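Morning, everyone. Please look at the screen while I talk. I'll go through a few backbone details.

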Amino acid sequence: MSIDSLGEWRRTHYSNMVGPALDGEKVTVFGWVEDVRDLGGITFITLRDREGLLQITVLRKKVSEKILEKISRIGRQFAIGVKGTVRSHREAPKGVEVIPEDIKILATAAHPLPLDPTGRVPADIDVRLDARVLDLRRPECRAIFKIRHETVTEIRRFFIENGFIEVHTPKIIAAAAEGGAALFPVDYFEQKAFLAQSPELYKEQLTTVFEKVFEIGTYFRAEESHTRRHLNEFISVDIEEAFATVDDVMNVQEELTRSIVSHVAKTCQNELEILGLSLKTPSQRFKRYTYSEIVEELRKRNVEVEWGEDIPTPAYRELGELHKQEYYFIVDWPSRVRPFYIKPREDKPELCYAFDFMYEWIEITSGGSRVDSKEVFVNRLKEQNLDPKSFDFYLKIFDYGMPPHAGFGMGLERMLMALVGKENIREVILFPRDRFRLTP
(Lines give C-alpha, C1' and ligand atoms only; values in the text may rest on other atoms or scores of the structure.)
Protein backbone atom coordinates (compact mmCIF):
# COMPACT_ATOMS: atom_id res chain seq x y z
CA MET A 1 0.00 0.00 0.00
CA SER A 2 1.35 3.43 -0.94
CA ILE A 3 2.06 5.84 1.90
CA ASP A 4 1.66 9.60 1.57
CA SER A 5 4.39 12.05 2.41
CA LEU A 6 3.81 14.46 5.28
CA GLY A 7 5.10 17.21 3.02
CA GLU A 8 4.21 20.68 4.22
CA TRP A 9 1.17 19.58 6.22
CA ARG A 10 1.31 20.65 9.87
CA ARG A 11 -1.26 20.33 12.60
CA THR A 12 -3.39 23.38 13.35
CA HIS A 13 -5.53 21.83 16.11
CA TYR A 14 -5.67 18.90 18.50
CA SER A 15 -9.02 17.15 18.89
CA ASN A 16 -9.86 18.96 22.13
CA MET A 17 -9.42 22.32 20.37
CA VAL A 18 -12.06 21.56 17.75
CA GLY A 19 -15.49 22.63 18.97
CA PRO A 20 -18.74 24.18 17.70
CA ALA A 21 -17.22 27.65 18.06
CA LEU A 22 -14.96 26.84 15.08
CA ASP A 23 -17.92 26.18 12.78
CA GLY A 24 -16.87 26.90 9.19
CA GLU A 25 -13.14 27.17 9.89
CA LYS A 26 -10.43 25.18 8.12
CA VAL A 27 -8.34 22.80 10.25
CA THR A 28 -5.57 20.25 9.80
CA VAL A 29 -5.65 17.35 12.25
CA PHE A 30 -3.52 14.23 12.69
CA GLY A 31 -4.02 11.00 14.59
CA TRP A 32 -4.85 7.32 14.46
CA VAL A 33 -8.03 5.74 13.18
CA GLU A 34 -9.99 4.42 16.12
CA ASP A 35 -12.97 3.24 14.09
CA VAL A 36 -14.43 3.32 10.58
CA ARG A 37 -18.19 3.01 10.02
CA ASP A 38 -19.47 2.79 6.46
CA LEU A 39 -23.21 3.51 6.28
CA GLY A 40 -23.44 3.58 2.50
CA GLY A 41 -23.80 7.21 1.56
CA ILE A 42 -21.82 8.38 4.57
CA THR A 43 -18.68 7.15 6.31
CA PHE A 44 -17.67 8.09 9.83
CA ILE A 45 -14.02 7.95 10.86
CA THR A 46 -13.17 8.31 14.53
CA LEU A 47 -9.76 9.95 14.78
CA ARG A 48 -7.74 9.70 17.99
CA ASP A 49 -4.87 11.96 18.95
CA ARG A 50 -3.18 12.47 22.31
CA GLU A 51 -6.01 14.72 23.53
CA GLY A 52 -9.02 12.59 22.62
CA LEU A 53 -11.37 11.72 19.76
CA LEU A 54 -12.73 13.64 16.78
CA GLN A 55 -15.35 12.62 14.21
CA ILE A 56 -14.46 12.88 10.52
CA THR A 57 -17.61 12.74 8.40
CA VAL A 58 -17.29 11.74 4.73
CA LEU A 59 -20.37 12.54 2.61
CA ARG A 60 -19.70 10.29 -0.37
CA LYS A 61 -21.62 12.37 -2.91
CA LYS A 62 -19.74 15.53 -1.91
CA VAL A 63 -16.12 14.38 -1.90
CA SER A 64 -13.63 13.64 -4.64
CA GLU A 65 -12.79 10.21 -6.03
CA LYS A 66 -9.34 10.67 -4.52
CA ILE A 67 -10.79 10.87 -0.99
CA LEU A 68 -13.14 7.94 -1.64
CA GLU A 69 -10.17 5.85 -2.76
CA LYS A 70 -8.27 6.79 0.42
CA ILE A 71 -11.30 5.92 2.57
CA SER A 72 -11.54 2.48 0.95
CA ARG A 73 -7.97 1.70 2.09
CA ILE A 74 -8.07 3.11 5.62
CA GLY A 75 -8.08 0.62 8.49
CA ARG A 76 -8.09 0.83 12.26
CA GLN A 77 -4.93 2.28 13.84
CA PHE A 78 -3.73 3.75 10.56
CA ALA A 79 -2.01 7.09 11.11
CA ILE A 80 -3.68 9.74 8.95
CA GLY A 81 -3.85 13.46 8.37
CA VAL A 82 -7.07 15.30 7.52
CA LYS A 83 -7.56 18.77 6.08
CA GLY A 84 -11.14 19.92 6.24
CA THR A 85 -13.86 22.24 7.45
CA VAL A 86 -15.33 22.20 10.94
CA ARG A 87 -19.08 21.78 11.06
CA SER A 88 -21.20 22.22 14.15
CA HIS A 89 -23.58 19.25 14.40
CA ARG A 90 -25.71 18.62 17.42
CA GLU A 91 -25.79 14.83 16.93
CA ALA A 92 -22.02 14.43 16.45
CA PRO A 93 -19.79 13.59 19.43
CA LYS A 94 -18.96 16.84 21.25
CA GLY A 95 -21.36 18.56 18.86
CA VAL A 96 -18.80 18.91 16.09
CA GLU A 97 -17.34 17.09 13.08
CA VAL A 98 -14.78 17.71 10.36
CA ILE A 99 -15.77 17.45 6.70
CA PRO A 100 -12.59 16.38 4.85
CA GLU A 101 -11.23 18.11 1.77
CA ASP A 102 -8.06 16.00 1.67
CA ILE A 103 -6.74 12.96 3.52
CA LYS A 104 -3.24 11.54 3.80
CA ILE A 105 -2.45 7.96 4.84
CA LEU A 106 0.83 8.35 6.72
CA ALA A 107 1.24 4.84 8.23
CA THR A 108 -0.62 1.54 8.08
CA ALA A 109 -1.31 -1.07 10.75
CA ALA A 110 -1.09 -4.87 10.37
CA HIS A 111 -4.25 -6.84 11.11
CA PRO A 112 -5.34 -8.67 13.15
CA LEU A 113 -3.99 -6.57 16.02
CA PRO A 114 -2.82 -8.46 19.15
CA LEU A 115 -5.33 -6.55 21.28
CA ASP A 116 -8.12 -4.01 20.98
CA PRO A 117 -6.72 -0.51 21.59
CA THR A 118 -10.22 0.83 22.31
CA GLY A 119 -10.39 -1.36 25.41
CA ARG A 120 -13.76 -2.78 24.45
CA VAL A 121 -12.29 -6.30 24.29
CA PRO A 122 -10.49 -7.05 27.59
CA ALA A 123 -7.02 -8.60 27.63
CA ASP A 124 -4.93 -9.87 30.53
CA ILE A 125 -1.98 -7.81 31.65
CA ASP A 126 0.75 -9.97 30.06
CA VAL A 127 -0.92 -9.74 26.63
CA ARG A 128 -1.25 -6.00 27.13
CA LEU A 129 2.38 -5.56 28.16
CA ASP A 130 3.61 -7.62 25.21
CA ALA A 131 1.92 -5.11 22.91
CA ARG A 132 2.40 -2.15 25.24
CA VAL A 133 2.25 0.66 22.69
CA LEU A 134 -1.15 -0.56 21.50
CA ASP A 135 -2.24 -0.97 25.10
CA LEU A 136 -1.19 2.60 25.89
CA ARG A 137 -3.65 3.83 23.26
CA ARG A 138 -6.55 2.72 25.45
CA PRO A 139 -8.34 5.70 27.05
CA GLU A 140 -7.66 4.34 30.55
CA CYS A 141 -3.93 4.07 29.91
CA ARG A 142 -3.72 7.51 28.37
CA ALA A 143 -5.52 8.89 31.42
CA ILE A 144 -3.09 7.21 33.83
CA PHE A 145 -0.04 8.62 32.09
CA LYS A 146 -1.47 12.10 31.78
CA ILE A 147 -1.94 11.94 35.56
CA ARG A 148 1.62 10.69 35.89
CA HIS A 149 2.87 13.65 33.84
CA GLU A 150 0.95 16.14 35.99
CA THR A 151 2.18 14.43 39.15
CA VAL A 152 5.82 14.83 38.15
CA THR A 153 5.17 18.42 37.07
CA GLU A 154 3.71 19.23 40.49
CA ILE A 155 6.49 17.44 42.38
CA ARG A 156 9.13 19.50 40.62
CA ARG A 157 7.18 22.75 41.13
CA PHE A 158 6.64 21.98 44.83
CA PHE A 159 10.30 21.37 45.60
CA ILE A 160 11.60 24.32 43.62
CA GLU A 161 9.12 26.69 45.28
CA ASN A 162 10.13 25.32 48.68
CA GLY A 163 13.81 26.11 48.15
CA PHE A 164 15.14 22.72 47.00
CA ILE A 165 17.75 22.48 44.25
CA GLU A 166 17.41 19.72 41.67
CA VAL A 167 20.46 17.45 41.39
CA HIS A 168 21.45 14.42 39.33
CA THR A 169 23.59 11.78 41.03
CA PRO A 170 25.56 8.88 39.46
CA LYS A 171 23.72 5.77 38.34
CA ILE A 172 26.93 3.72 38.08
CA ILE A 173 28.43 3.29 41.54
CA ALA A 174 31.26 1.46 43.31
CA ALA A 175 29.43 0.42 46.51
CA ALA A 176 25.90 -0.18 47.74
CA ALA A 177 23.99 2.82 49.05
CA GLU A 178 21.78 0.48 51.08
CA GLY A 179 22.99 -2.66 52.78
CA GLY A 180 20.04 -4.95 52.19
CA ALA A 181 19.23 -4.34 48.55
CA ALA A 182 20.65 -6.57 45.82
CA LEU A 183 22.66 -4.85 43.11
CA PHE A 184 22.96 -5.32 39.35
CA PRO A 185 26.67 -5.69 38.48
CA VAL A 186 28.11 -3.70 35.60
CA ASP A 187 31.31 -4.28 33.62
CA TYR A 188 33.09 -0.96 34.11
CA PHE A 189 36.39 -1.25 32.31
CA GLU A 190 38.84 -2.93 34.74
CA GLN A 191 36.68 -2.34 37.81
CA LYS A 192 33.61 -3.84 39.39
CA ALA A 193 30.65 -1.49 39.43
CA PHE A 194 26.90 -1.59 40.06
CA LEU A 195 23.71 0.12 38.98
CA ALA A 196 22.57 2.50 41.71
CA GLN A 197 19.57 1.44 43.80
CA SER A 198 19.36 4.83 45.55
CA PRO A 199 21.02 8.26 45.48
CA GLU A 200 21.24 8.13 49.28
CA LEU A 201 24.91 8.71 50.06
CA TYR A 202 25.31 11.28 47.28
CA LYS A 203 22.32 13.38 48.24
CA GLU A 204 23.47 13.33 51.87
CA GLN A 205 26.86 14.71 50.80
CA LEU A 206 25.18 17.41 48.75
CA THR A 207 23.39 18.81 51.79
CA THR A 208 26.81 20.13 52.86
CA VAL A 209 26.77 22.27 49.69
CA PHE A 210 23.18 23.10 48.72
CA GLU A 211 21.41 22.29 52.05
CA LYS A 212 18.11 21.26 50.37
CA VAL A 213 18.25 18.97 47.34
CA PHE A 214 15.86 16.79 45.37
CA GLU A 215 16.19 14.31 42.53
CA ILE A 216 13.70 12.51 40.30
CA GLY A 217 15.69 9.60 38.90
CA THR A 218 15.75 6.01 37.70
CA TYR A 219 17.10 3.33 40.06
CA PHE A 220 17.59 -0.42 39.98
CA ARG A 221 17.16 -3.25 42.50
CA ALA A 222 18.10 -6.84 41.69
CA GLU A 223 15.50 -8.26 44.05
CA GLU A 224 13.80 -11.42 42.82
CA SER A 225 10.46 -10.38 44.31
CA HIS A 226 7.72 -10.82 41.72
CA THR A 227 4.77 -9.09 43.31
CA ARG A 228 2.21 -6.49 42.28
CA ARG A 229 4.18 -3.72 44.01
CA HIS A 230 7.78 -4.50 43.04
CA LEU A 231 9.82 -3.47 39.99
CA ASN A 232 13.52 -3.89 39.23
CA GLU A 233 13.70 -0.50 37.51
CA PHE A 234 11.72 2.35 39.01
CA ILE A 235 11.54 6.11 39.46
CA SER A 236 12.41 7.45 42.89
CA VAL A 237 11.68 10.97 44.13
CA ASP A 238 14.39 11.76 46.67
CA ILE A 239 14.99 14.71 48.94
CA GLU A 240 17.62 15.54 51.56
CA GLU A 241 17.64 18.55 53.85
CA ALA A 242 20.38 19.91 56.12
CA PHE A 243 19.64 21.17 59.62
CA ALA A 244 16.45 19.12 59.67
CA THR A 245 14.99 16.13 61.51
CA VAL A 246 12.70 13.24 60.67
CA ASP A 247 9.69 15.33 61.74
CA ASP A 248 10.66 18.10 59.32
CA VAL A 249 10.81 15.81 56.29
CA MET A 250 7.62 14.01 57.32
CA ASN A 251 5.95 17.41 57.21
CA VAL A 252 7.43 17.91 53.72
CA GLN A 253 6.00 14.54 52.65
CA GLU A 254 2.59 15.49 53.98
CA GLU A 255 2.56 18.88 52.25
CA LEU A 256 3.85 17.32 49.02
CA THR A 257 1.07 14.72 49.04
CA ARG A 258 -1.61 17.37 49.52
CA SER A 259 -0.14 19.39 46.66
CA ILE A 260 -0.05 16.39 44.33
CA VAL A 261 -3.65 15.36 45.08
CA SER A 262 -4.90 18.93 44.76
CA HIS A 263 -3.05 19.53 41.49
CA VAL A 264 -4.21 16.27 39.88
CA ALA A 265 -7.80 16.91 40.98
CA LYS A 266 -7.70 20.34 39.28
CA THR A 267 -5.79 19.51 36.09
CA CYS A 268 -6.95 15.97 35.32
CA GLN A 269 -10.72 16.10 35.67
CA ASN A 270 -11.30 14.42 32.32
CA GLU A 271 -8.75 11.69 33.07
CA LEU A 272 -10.21 11.05 36.52
CA GLU A 273 -13.66 10.76 34.94
CA ILE A 274 -12.34 8.17 32.45
CA LEU A 275 -10.94 6.19 35.40
CA GLY A 276 -14.12 6.61 37.45
CA LEU A 277 -12.23 8.39 40.23
CA SER A 278 -12.88 11.39 42.42
CA LEU A 279 -9.91 12.84 44.30
CA LYS A 280 -10.33 14.89 47.42
CA THR A 281 -7.37 16.66 49.00
CA PRO A 282 -6.81 15.25 52.52
CA SER A 283 -7.73 17.95 55.01
CA GLN A 284 -6.73 16.39 58.31
CA ARG A 285 -3.18 15.77 59.50
CA PHE A 286 -1.95 12.31 58.55
CA LYS A 287 -1.88 9.92 61.48
CA ARG A 288 1.43 8.73 62.87
CA TYR A 289 1.50 5.19 64.25
CA THR A 290 4.54 3.69 65.93
CA TYR A 291 5.91 0.39 64.67
CA SER A 292 4.87 -1.15 68.01
CA GLU A 293 1.31 0.10 67.60
CA ILE A 294 1.14 -1.42 64.13
CA VAL A 295 2.44 -4.77 65.42
CA GLU A 296 -0.20 -4.71 68.14
CA GLU A 297 -2.91 -3.71 65.66
CA LEU A 298 -1.98 -6.69 63.49
CA ARG A 299 -1.86 -9.03 66.49
CA LYS A 300 -5.47 -8.13 67.30
CA ARG A 301 -6.32 -9.24 63.75
CA ASN A 302 -4.51 -12.56 64.34
CA VAL A 303 -1.56 -11.55 62.17
CA GLU A 304 1.63 -12.21 64.07
CA VAL A 305 4.73 -10.09 63.38
CA GLU A 306 7.59 -10.68 65.78
CA TRP A 307 8.73 -7.37 67.24
CA GLY A 308 11.97 -6.32 65.60
CA GLU A 309 11.21 -7.99 62.27
CA ASP A 310 10.16 -6.28 59.06
CA ILE A 311 6.48 -6.29 58.15
CA PRO A 312 5.72 -8.99 55.53
CA THR A 313 3.40 -8.56 52.55
CA PRO A 314 0.41 -10.47 54.03
CA ALA A 315 0.55 -8.17 57.06
CA TYR A 316 0.64 -5.10 54.81
CA ARG A 317 -2.45 -6.45 53.06
CA GLU A 318 -4.17 -6.61 56.43
CA LEU A 319 -3.14 -3.01 57.12
CA GLY A 320 -4.79 -2.07 53.83
CA GLU A 321 -8.07 -3.44 55.15
CA LEU A 322 -7.64 -1.53 58.41
CA HIS A 323 -6.69 1.79 56.80
CA LYS A 324 -8.96 2.09 53.76
CA GLN A 325 -8.34 5.24 51.69
CA GLU A 326 -5.95 6.52 54.34
CA TYR A 327 -2.51 8.09 54.09
CA TYR A 328 -0.52 7.47 57.29
CA PHE A 329 2.99 7.20 58.73
CA ILE A 330 4.68 4.33 60.59
CA VAL A 331 7.44 5.69 62.86
CA ASP A 332 9.92 4.50 65.52
CA TRP A 333 11.15 1.45 63.64
CA PRO A 334 13.58 -1.08 65.15
CA SER A 335 17.09 0.00 64.19
CA ARG A 336 18.08 -3.45 62.95
CA VAL A 337 15.53 -3.49 60.11
CA ARG A 338 16.39 -0.03 58.80
CA PRO A 339 19.38 0.90 56.58
CA PHE A 340 22.74 1.72 58.19
CA TYR A 341 22.46 5.45 57.44
CA ILE A 342 19.32 5.86 59.59
CA LYS A 343 20.06 7.51 62.93
CA PRO A 344 19.32 5.51 66.11
CA ARG A 345 17.44 7.29 68.86
CA GLU A 346 19.68 8.63 71.62
CA ASP A 347 17.30 7.53 74.39
CA LYS A 348 16.49 4.09 72.90
CA PRO A 349 19.17 2.95 70.42
CA GLU A 350 17.11 -0.14 69.60
CA LEU A 351 14.73 2.29 67.84
CA CYS A 352 15.63 4.75 65.11
CA TYR A 353 14.39 7.98 63.56
CA ALA A 354 12.80 6.29 60.55
CA PHE A 355 9.39 6.45 58.94
CA ASP A 356 7.41 4.74 56.22
CA PHE A 357 4.67 6.71 54.50
CA MET A 358 1.74 4.49 53.59
CA TYR A 359 -1.45 4.51 51.59
CA GLU A 360 -3.64 1.60 52.61
CA TRP A 361 -1.25 -1.37 52.13
CA ILE A 362 1.26 0.39 49.86
CA GLU A 363 4.55 1.67 51.25
CA ILE A 364 5.05 4.84 49.21
CA THR A 365 8.03 6.43 50.96
CA SER A 366 10.80 5.55 53.40
CA GLY A 367 12.86 8.17 55.16
CA GLY A 368 14.22 9.52 58.40
CA SER A 369 17.00 11.34 60.16
CA ARG A 370 20.46 10.33 58.95
CA VAL A 371 23.55 9.43 60.92
CA ASP A 372 25.69 12.57 61.24
CA SER A 373 28.53 11.07 63.31
CA LYS A 374 31.40 9.14 61.71
CA GLU A 375 31.74 6.84 64.72
CA VAL A 376 28.05 5.96 64.73
CA PHE A 377 28.09 5.48 60.95
CA VAL A 378 30.98 2.99 61.15
CA ASN A 379 29.23 1.12 63.96
CA ARG A 380 26.03 0.93 61.94
CA LEU A 381 27.94 -0.49 58.98
CA LYS A 382 29.51 -3.17 61.15
CA GLU A 383 26.15 -4.04 62.72
CA GLN A 384 24.88 -4.84 59.23
CA ASN A 385 28.02 -6.79 58.26
CA LEU A 386 29.25 -4.16 55.81
CA ASP A 387 32.90 -3.25 55.35
CA PRO A 388 33.61 0.41 56.25
CA LYS A 389 36.49 0.39 53.73
CA SER A 390 33.92 0.17 50.94
CA PHE A 391 32.55 3.52 52.11
CA ASP A 392 35.79 5.48 52.40
CA PHE A 393 34.56 7.98 49.82
CA TYR A 394 31.61 8.79 52.06
CA LEU A 395 33.32 8.62 55.45
CA LYS A 396 35.58 11.49 54.40
CA ILE A 397 32.55 13.79 54.34
CA PHE A 398 32.26 13.59 58.11
CA ASP A 399 35.61 15.39 58.28
CA TYR A 400 34.25 18.29 56.22
CA GLY A 401 31.43 19.37 58.52
CA MET A 402 28.44 16.99 58.21
CA PRO A 403 25.31 18.78 59.51
CA PRO A 404 22.28 17.13 61.08
CA HIS A 405 20.13 16.13 58.12
CA ALA A 406 17.11 14.09 57.08
CA GLY A 407 15.43 12.96 53.89
CA PHE A 408 13.30 10.42 52.12
CA GLY A 409 12.86 8.41 48.94
CA MET A 410 9.36 8.21 47.46
CA GLY A 411 8.46 5.65 44.81
CA LEU A 412 6.76 7.56 42.02
CA GLU A 413 4.96 4.43 40.81
CA ARG A 414 3.79 3.64 44.33
CA MET A 415 2.34 7.15 44.68
CA LEU A 416 0.58 6.72 41.34
CA MET A 417 -0.92 3.41 42.47
CA ALA A 418 -2.51 5.32 45.35
CA LEU A 419 -3.71 8.15 43.12
CA VAL A 420 -5.32 6.05 40.39
CA GLY A 421 -6.42 3.10 42.53
CA LYS A 422 -4.40 0.37 40.81
CA GLU A 423 -3.36 -2.83 42.57
CA ASN A 424 -0.59 -3.70 40.10
CA ILE A 425 2.39 -1.37 39.78
CA ARG A 426 2.84 -2.40 36.14
CA GLU A 427 -0.28 -0.40 35.27
CA VAL A 428 1.44 2.91 36.09
CA ILE A 429 4.82 2.53 34.36
CA LEU A 430 5.22 2.69 30.60
CA PHE A 431 7.53 -0.30 30.04
CA PRO A 432 7.89 -2.38 33.24
CA ARG A 433 11.09 -4.21 34.12
CA ASP A 434 10.63 -7.06 36.55
CA ARG A 435 12.09 -10.51 37.23
CA PHE A 436 10.64 -11.95 34.02
CA ARG A 437 10.23 -8.98 31.69
CA LEU A 438 13.02 -7.29 29.76
CA THR A 439 10.99 -6.41 26.64
CA PRO A 440 9.38 -4.50 25.06
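First, a term: a residue counts as exposed when its relative accessible area is over 50%, and as buried when that area is under 20%. Keep those two cut-offs in mind. Also, this is a predicted model.

Now take β8 and β9. Strand β9 covers residues 191–195, and four bridges link it to β8 in the antiparallel sense.

Next, the loop between β8 and β9. F189 is found there. F189 is not a glycine, yet its phi is positive, about 55 degrees. Why mention that? Most residues other than glycine have a negative phi.

Is F189 buried or exposed? Its relative accessible area is 72%. That is over 50%, so F189 is exposed.

Compare E360. This residue lies in the loop between β14 (351–359) and β15 (362–369). Its phi is also positive, near 50 degrees, and E360 is not a glycine either. Here the relative accessible area is 15%. That is under 20%, so E360 is buried.

Last, peptide bonds. Most are trans. The bond joining H111 and P112 is cis, with omega about 5 degrees. P112 sits in the loop between β5 (96–107) and α2 (125–130). The bond from T439 to P440 is cis too, with omega near -5 degrees. Look for P440 in the segment after α12 (412–420).

Note on methods: Residues are numbered from 1 along each chain as its sequence is written. This is a predicted model: local features need pLDDT of at least 70, side-chain atom pairs count only at pLDDT 80 or more; totals for chains, interfaces and linings use all residues. Side-chain values use heavy atoms; hydrogens and water are left out. Two strands pair if DSSP finds at least two bridges between them. Helices (H or I, at least four residues) and strands (E, at least two) are DSSP runs, numbered from the N terminus. Buried means under 20% relative accessible area, exposed over 50%, partly exposed in between (1.4 Å probe, protein chains only).
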